[in-house]
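These are my notebook entries on a structure that was new to me. I set down what I looked up, in the order in which I looked.

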Amino acid sequence: LAIAAGAWAMRPALGTPKLWRRLLGWSLAGVALAAAVMSKNALPVVFALIAWAAMAALGKTCPKAAAIGTVKALAIAAALVVPWYLYAGSVVSDAGATFVAETRAARNEYQPPWYYLGLVALVAPWCVWLLGGLVLPFSALARPWRRPLLMAWVWFVAIFVVMNNPGTKQQSYIDPNIPPNAQLIAKNRNNNKH
């Protein structure tokens with residue numbers, strides 16, 4: 001929801017929207033980001049920053065407006081989350097160690113670098129369109145869709161690289177890559193219809 005609200009606030013495919021839309025979208029993004037952080041750990045911030053950076057860098061929106069909105073969303077999230085972390089740290093003696101352990105998510109089994117290639121199976125039966133979507137941004141066929149495809153491609157690859165840490169691999173950890181997968185698949189299928 002945080003990523004979608006930020007995308008709605010930026011409107012990367014169409015250009016910078018009106019001020020009211022940016023204020024509402026980035027505020028919703030901040031609240032949703034706070035909820036995501038409080039439900040797991042600070043990793044959703046990384047995922048949101050990756051997505052928003054891809055949209056701001058490759059979209060038609062004003063990068064300065066996107067940066068200001070991102071800072072606003074982060075400030076709202078911090079204002080909602082930091083008091084809870086401070087309270088938990090003051091009441092639970094080893095809260096800091098628990099938070100760090102949760103963020104590291106260390107596992108005893110080593111997983112090879114190709115472990116997340118199983119992600120392809122997570123998007124079955126649309127695997128072929130995902131593979132096509134990973135190649136399509138660099139094809140001459142993608143001219144009208146190049147920007148949205150590149151946004152989804154950068155978002156997908158960046159999360160894939162960030163999550164490809166040998167100590168923290170687990171199938172559920174790659175779930176944040178499903179939204180850019182869906183965009184790559186949808187744009188590829190749409191392109192094939194024309």
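Entry 1. I began with Asn-41, which is found in the loop between helix 2 and helix 3; helices here are DSSP runs of H or I with at least four residues, numbered from the N terminus. I noted that the model is predicted, so that local features need pLDDT of at least 70 and side-chain atom pairs count only at pLDDT 80 or more, while totals for chains, interfaces and linings use all residues. Residues are numbered from 1 along each chain as its sequence is written, and side-chain values use heavy atoms, with hydrogens and water left out.

Is Asn-41 buried or exposed? I found that Asn-41 counts as buried because its relative accessibility is 5%; buried means under 20% relative accessible area, exposed over 50% and partly exposed in between, with a 1.4 Å probe and protein chains only. A polar atom of the Asn-41 side chain lies 2.9 Å from the backbone nitrogen of Leu-43.

Entry 2. I then turned to helix 1 and helix 2, which pack with their axes 8 Å apart at an angle of about 170 degrees. Axes are lines fitted to C-alpha atoms, for helices over the stretch in contact, and angles run from 0 to 180 degrees between N-to-C directions. Helix 1 is therefore roughly antiparallel to helix 2, a description used for angles over 145 degrees. Among the residues that meet are Ala-2, Trp-8 and Met-10 in helix 1, and Trp-20, Trp-26 and Leu-33 in helix 2.

Entry 3. Which residues have the most contacts inside the largest nonpolar core? I listed Met-10, Trp-26, Trp-52, Trp-155 and Met-163, in a core of 30 residues. Such a core is a set of buried Ala, Val, Leu, Ile, Met, Phe, Trp, Tyr and Cys residues joined through side-chain atoms within 4.5 Å. Helix 1 (2-10), helix 2 (19-39), helix 3 (43-58), helix 4 (63-91) and helix 8 (146-162) each supply at least two of its residues. Helix 3 gives the most, with eight residues.

I next looked up Trp-52.

Entry 4. Ile-159 is buried, with a relative accessible area of 0%. Leaving aside neighbours within four places in sequence, I recorded its contacts with Phe-47, Ile-50, Pro-176 and Asn-177.

Conventions:
A polar contact is a pair of N or O atoms within 3.5 Å; within protein, one must be able to donate a hydrogen and the other to accept it, and residues adjacent in sequence count only if both atoms are side-chain atoms. Angles under 35 degrees count as roughly parallel, over 145 as roughly antiparallel, 65 to 115 as roughly perpendicular and the rest as oblique. Contact means heavy atoms within 4.5 Å.
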